Amino acid sequence: MTALRAGRALLGLSQEELAGLAGVSRQIVVRIEKCETNVLVESIEKVRAALEAGGVAFIEGCAERGPGVAMIRRPRVPAGTE
C-alpha cells in the first residue's frame, strides 16, 4: 500500500485528486495509504489503475529488495511532428 502512496507522490497528486481520478472517495485513498485491511480489492485496483494511467509503473519486490514505483518513460516526439 505504501507503493500506492509513492505513486501518488510521483504524480504530484493530492489524495482528493487521486480519488477523483480513480472514482473512489478520498477516505478510501486515506484508508489504502494507512494500510487498513477493510478496503475492497476493487477500490485498490481502481486507485492503482488511475496511477498507471498517469504513467506510474509498479515494480514487484524480490528477496533483495522490496516493491517500488517508477515513472514510465514516454517516447519523445521529434519537434515538428506533433
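Predicted model: local features only at pLDDT ≥ 70, side-chain atom pairs only at ≥ 80, totals over all residues.

Q: How many salt bridges does a search of the whole structure find?
A: To count here, a side-chain nitrogen of Lys or Arg has to sit within 4 Å of a carboxyl oxygen of Asp or Glu. Searching the whole structure with that rule, the total comes to six.

Q: Which helices hold the two partners of the salt bridge between Arg8 and Glu33?
A: The side chains of Arg8 and Glu33 meet with N and O 2.6 Å apart. The two are 25 residues apart in sequence, so their pairing ties together separate parts, namely helix H1 (residues 2-11) for Arg8 and helix H3 (residues 26-33) for Glu33.

Q: Are Arg8 and Glu33 buried or exposed?
A: The cut-off for buried is under 20% relative accessible area. Arg8 comes in at 14%, and Glu33 has a value of 6%. Because both values fall under the cut-off, the answer for Arg8 and for Glu33 is buried.

Q: Where do Arg48 and Glu52 lie?
A: Arg48 and Glu52 form a salt bridge, with their closest N and O atoms 3.0 Å apart. Arg48 is partly exposed at 32% relative accessibility, and Glu52 is partly exposed too, at 35%. They are four residues apart, about one turn of the helix, and that helix is H4.

Q: About how many helical turns separate Lys46 and Glu42?
A: Lys46 pairs with Glu42 in a salt bridge, where the closest N and O atoms are 3.6 Å apart. Lys46 itself is partly exposed, at 34% relative accessibility. Both partners belong to helix H4 (residues 41-53) and are four residues apart, so the separation is about one helical turn.

Q: Which element gives the largest share of the largest nonpolar core?
A: This core has 17 residues, and Leu4, Leu18, Val24, Ile32, Val47 and Leu51 have the most contacts inside it. At least two residues come from each of H1, helix H2 (15-22), H3, H4 and strand S1 (56-59). The largest share is four residues, and it comes from H4.

Q: Are H2 and H4 roughly parallel or roughly perpendicular?
A: The axes of H2 and H4 are 8 Å apart, at an angle of about 100°. Angles from 65 to 115 degrees count as perpendicular, so H2 and H4 are roughly perpendicular.

Q: How many charged residues are in the contact of H2 with H4?
A: H2 brings Leu18, Leu21 and Ala22, while H4 brings Lys46, Val47, Ala50 and Leu51. By class, there are six nonpolar residues, no polar ones, and the charged count is one.

Q: What is the relative accessible area of Val56?
A: Val56 sits in strand S1. It touches Gly7, Leu11, Leu51, Val69, Ala70, Met71 and Ile72, leaving aside residues up to four places away in sequence. Val56 counts as buried, and its relative accessible area is 1%.

Conventions
Residues numbered from 1 in each chain as written. Heavy atoms only, no water. Buried < 20%, exposed > 50% of the residue type's maximum accessible area, 1.4 Å probe, protein only. Core = buried A, V, L, I, M, F, W, Y, C linked by side-chain atoms within 4.5 Å. Axes fitted to C-alpha atoms, helices over the stretch in contact; angles between N-to-C directions. Parallel < 35°, antiparallel > 145°, perpendicular 65-115°, else oblique. Contact = heavy atoms within 4.5 Å. Nonpolar A, V, L, I, M, F, W, Y, C, P; charged D, E, K, R; others polar.
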